[in-house]
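Dear colleague,

Please find below the structure I promised to hand over, followed by an account of what was found in it.

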Amino acid sequence: MEQGTIKITIDDKEIWAKDGQSVVEAARENHIFIPTLCDYKSLKPAGTCRLCTVKIGGRFVSACTTTVSNGMKVENESSEIKDIRKSLIEMLFVEGNHMCPSCEKSGNCDLQALAYRYQMTAPRFPFSFTNRRLDASLPHLILEHNRCIQCLRCVRGVRAKDGRDLFGFVDRGAKIHITVDKTVEEAFSEKTAAAAMAICPVGALIQKGGAYQTPIGDRKYDLHPIGSEIESNIEQSGGSHDTKS
Ligand code: SF4
């Protein structure tokens with residue numbers, strides 16, 4: 001274990017963390033998986049999905065937006081936390097229309113993979129049967145609003161060359177949905193479509209012609225359950241996202 005400056009405990013495991021790290025980052029470096037949907041690589045944490053909920057000092061907090069401090073004790077794998085995460089996954093499923101067998105992202109979808117990990121069967125909440133628009137007006141990208149979980153990864157992570165945002169949100173409450181700024185030239189490019197599909201954790205952004213580059217059965221989570229690459233510390237090959245940014 002590489003020694004950092006701060007010692008924390010996650011469940012029964014004492015680990016070293018670095019100053020300024022989030023609990024998610026510290027856990028990941030020490031091969032402990034904390035699930036996330038809105039968190040993504042170098043993006044600033046948003047804490048919107050709450051899948052990374054842990055218990056610290058008797059309070060439920062999001063691990064992606066909580067910075068480590070010396071002596072911190074984190075509850076990550078208790079039955080209580082697991083059930084909270086499972087219920088959050090169930091809520092996302094009933095709030096949208098996630099028909100996994102017919103979704104182009106099946107096998108590469110973080111939400112689907114987490115549902116398997118937390119053994120979701122029938123959600124405990126009623127389905128809302130929303131009927132949102134499917135926008136196929138861009139030359140290379142389909143926006144399937146029925147599958148959007150509003151994680152804001154596309155908004156935070158896909159930008160034009162001049163730094164302008166390409167994706168944004170409009171409306172409020174249940175009507176909230178993503179939009180693409182069609183006044184920016186890059187919105188129409190194949191590269192943007194590929195980047196958007198790669199960053200979206202579900203099948204809400206699909207690159208036209210790019211969805212089946214990896215056959216079903218050989219995809220990321222068809223081969224390895226979500227979290228296993230962190231827990232086993234093995235760089236896994238094959239079945240990555242269909243598109244590369
Ligand atoms: S389109 Fe995808 S990346 Fe963008 S907010 Fe919705 S789920 Fe997240």
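Two strands are taken to pair if DSSP finds at least two bridges between them, and helices (H or I, at least four residues) and strands (E, at least two) are DSSP runs, numbered from the N terminus. This is a predicted model, in which local features need pLDDT of at least 70 and side-chain atom pairs count only at pLDDT 80 or more, while totals for chains, interfaces and linings use all residues. Residues are numbered from 1 along each chain as its sequence is written.

Five strands form an open sheet of mixed pairing, in the order 2-1-5-3-4. Strand 2 (13-17) and strand 4 (59-62) stand at the edges with a single partner strand each, so one side of each is left without a neighbour in the sheet. Strand 3 (residues 53-56) pairs with strand 4 in the antiparallel sense over four bridges, and Thr-53 has Ser-62 in strand 4 as its bridge partner.

The domain assignment, which is automatic or comes from a database, gives domain 1 (6-77) and domain 2 (83-226), and the centres of the two, taken over C-alpha atoms, are separated by 24 Å.

Around the ligand there are 13 residues, of which Cys-148, Cys-151, Cys-154, Cys-200 and Ala-204 come nearest; a residue counts as near if its C-beta atom, placed from the backbone, lies within 6 Å of the molecule.
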